[in-house]
Amino acid sequence: MKPYGETSSSRWFWVRELEGAPHPDTEAYVWSDLVVNQTETPRCTDEESRYYVRITPPVLGLGQGALAPGGGYRYLVTLNNMGADRDVTITCYDTVSPNGFYTFTMHTDASGYASAGDQCFSGDYGQHWVTADEGLVTSNTVTW
């Protein structure tokens, strides 16, 4: 996947913020073209690749939940691979409120999973989505 066309880099880096950073232990992919002062390294061979773990990226999912009071629907939010036993800040958005309209915290279990269907809701028609950790991860879009 090349975010800005064929001339952009297809490399992504997996990063984790260290203690003292704004979001310690937050993990995410960063597109390599956004990273300055990169250290050049040789390409990995197939033999070298066998020794490295493949990391499963975090997944933030959104589904249409239960009917909400007064109309509309609850947001059914799921987190996978978000890091074990940690708080994750979720912000809810819809077409009418593209800057977000509600923020809450979810706590992951030992496998990095959490779900919630009782936090935000929207009666507005159009697209709906959520982000985690101040936009580091964005969910799929649901329309109702």
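How many bridges join S4 to strand S8 (residues 121-122)? The answer is 2, and the two strands run antiparallel; strands here are DSSP runs of E with at least two residues, numbered from the N terminus, and two strands pair if DSSP finds at least two bridges between them. This is a predicted model, in which local features need pLDDT of at least 70 and side-chain atom pairs count only at pLDDT 80 or more, while totals for chains, interfaces and linings use all residues. Residues are numbered from 1 along each chain as its sequence is written, and side-chain values use heavy atoms, with hydrogens and water left out.

From the strands we can turn to the core. The largest nonpolar core has 19 residues, and Val-77 and Ile-90 are those with the most contacts inside it; such a core is a set of buried Ala, Val, Leu, Ile, Met, Phe, Trp, Tyr and Cys residues joined through side-chain atoms within 4.5 Å, where buried means under 20% relative accessible area, exposed over 50%, and partly exposed in between, with a 1.4 Å probe and protein chains only. Among the strands that each supply at least two residues of this core are S3 (59-67), S4 (73-80) and S5 (87-94). Leaving aside neighbours within four places in sequence, Val-77 is in contact (heavy atoms within 4.5 Å) with residues including Leu-60, Ile-90, Phe-104 and Val-130.

The structure holds 6 aromatic pairs, counted when ring centres of Phe, Tyr and Trp (its six-membered ring) lie within 6.5 Å, with planes under 30 degrees apart called stacked, over 60 edge-to-face and the rest tilted. Tyr-73 and Trp-144 form an edge-to-face pair, 5.6 Å centre to centre with 70° between the planes. Because Tyr-73 lies in strand S4 and Trp-144 in the segment after strand S11 (142-143), this pair ties together parts that are 71 residues apart in sequence. Tyr-73 is partly exposed at 26% relative accessibility, whereas Trp-144 is buried at 13%. Ring pairs link Tyr-73, Tyr-75, Phe-101 and Trp-144 into a cluster.

Key:
Helices (H or I, at least four residues) and strands (E, at least two) are DSSP runs, numbered from the N terminus.
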